[in-house]
Amino acid sequence: MLELGMQRGYWVLLQNCHLLLSWLSQLEKILQEAKNPHEDFRLWLTTEPTDKFPLGILQRSLKVVTEPPDGLKLNMRALLHKMQPSEFEVCPHNAFRPLVYVLCFLHAVVLERRKYGKIGWNVAYDFNESDFKVSRQLLELYLTKADQNADEIIPWGSLKYLVGDAMYGGRVSDDFDRRVLKTYLDEYMGDFLFSEDARFFFSTVGFDYDLPAPGELVEFRDKVENLPLSNSPAVFGLHPNAEIGYLTIASKGLWRNLASLQPRTAAAAQGTSREEHVERVLLGILEKIPDQTDVALLRRRIMQDHGLPSPTEVVLLQELERWNGLCGVMQESLEDLQRALKGEIGMSDRLEQIGDALFDG
């Protein structure tokens with residue numbers, strides 16, 4: 001395929017390259033040895049993130065990364081737009097279409113909780129579209145069987161277990177996270193969804209997130225388009241203050257990335273080179289590092305004056321040992337960096353990071 005593509009100008013797509021990393025070194029050689037390929041030839045590679053991918057291919061590629069969209073509305077829109085009308089009409093049961101919408105909402109919620117860090121999930125789980133697809137197929141299977149048997153009762157227990165414990169819950173390793181997931185299933189799945197006495201709402205914080213009436217796929221997409229673009233964490237059952245932590249992390253990440261994009265060749269304001277600027281900063285820090293405290297001598301003095309050390313003095317001695325260790329590591333790191341800047345020793349990744357941090361302030 002590659003030879004034909006290079007000769008005749010075809011586009012070649014190799015999918016899931018992370019599953020055959022051992023072969024990619026051959027692909028790298030093929031690309032390096034290619035002579036005068038057709039100008040219309042294009043090679044597309046799809047892969048999950050992996051640090052084993054050959055650098056030679058990465059360095060000569062244009063890289064495109066897909067990530068889940070940010071926000072409840074955009075996540076639900078992405079799911080519904082990937083569904084075909086035939087997938088939506090495959091089950092004759094009246095509850096199937098509303099429950100697909102419930103699954104979309106649940107999937108968007110579990111993804112959105114990730115951005116709130118430890119407040120959302122104790123562990124950052126890799127929930128993805130395959131969880132939603134298989135859960136939808138399970139819905140279809142059980143509701144089709146219920147319709148064929150003319151069962152009036154929907155098998156909620158089985159559906160909650162399969163979706164909450166097997167599919168999404170299969171990724172969950174923390175007991176408290178599992179409890180949160182089960183609570184969502186209890187809140188979102190039950191006969192109350194179709195109660196004529198009380199209308200069901202996922203949430204009423206800032207907007208009425210309700211369940212659409214059974215209809216066509218286009219109507220469900222329109223329903224999602226009417227949702228607000230931004231939403232409070234309270235929609236997911238989190239405290240409104242959870243957003244403070246998320247926005248703080250996002251802001252720090254933005255500034256960190258901007259700092260890393262700054263030129264590394266010179267500090268423009270002083271007109272000095274990067275190395276001179278870093279050395280000036282590290283010398284200033286080295287001058288401020290205090291001398292090591294003789295903990296053994298201090299312990300002897302205390303015992304001569306008071307006998308056995310008091311609890312406060314014991315804590316003081318322990319903290320002084322740690323303080324000595326900290327100052328020792330700082331001094332050693334800065335002296336190594338100074339020698340590396342002069343070329344006396346090699347520059348390691350750790351020293352490079354310290355130098356970047358000093359340069360960025």
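**Pockets and positive phi angles**

Author: In this predicted model, β1 (11-14), β2 (42-45), α3 (55-59), α4 (72-82), α6 (96-112) and α7 (129-148) each supply at least two residues to the lining of the largest pocket. Helices (H or I, at least four residues) and strands (E, at least two) are DSSP runs numbered from the N terminus. Residues are numbered from 1 along each chain, local features need pLDDT of at least 70, side-chain atom pairs count only at pLDDT 80 or more, and totals for chains, interfaces and linings use all residues. Side-chain values use heavy atoms, without hydrogens and water.

Reader: Which residues lie nearest the centre of the largest pocket?

Author: A pocket is an open set of points on a 1 Å grid where a 1.4 Å probe fits, with protein on both sides within 12 Å along at least five of seven lines; lining residues have an atom within 4 Å of a point. Here 44 residues line the largest pocket, with Leu45, Thr46, Thr47, Val64 and Val65 nearest its centre. Its volume, the space filled by probe spheres set on the points, is about 2000 Å³.

Reader: What lines the second largest pocket?

Author: Its lining consists of Glu67, Pro68, Pro69, Asp70, Asn75, Leu111, Glu112, Arg114, Lys115 and Tyr246. The second largest pocket holds about 230 Å³.

Reader: Is asparagine 36 buried or exposed?

Author: Buried means under 20% relative accessible area, exposed over 50%, and partly exposed in between (1.4 Å probe, protein chains only). Asparagine 36 is exposed, at 77%. Although not a glycine, asparagine 36 has a positive phi of about 50 degrees, and it sits in the loop between α2 (21-33) and β2.

Reader: Where is alanine 150 found?

Author: Alanine 150 is in the loop between α7 and α8 (156-167). Its phi is positive, about 55 degrees, although it is not a glycine, and at 64% alanine 150 is exposed.
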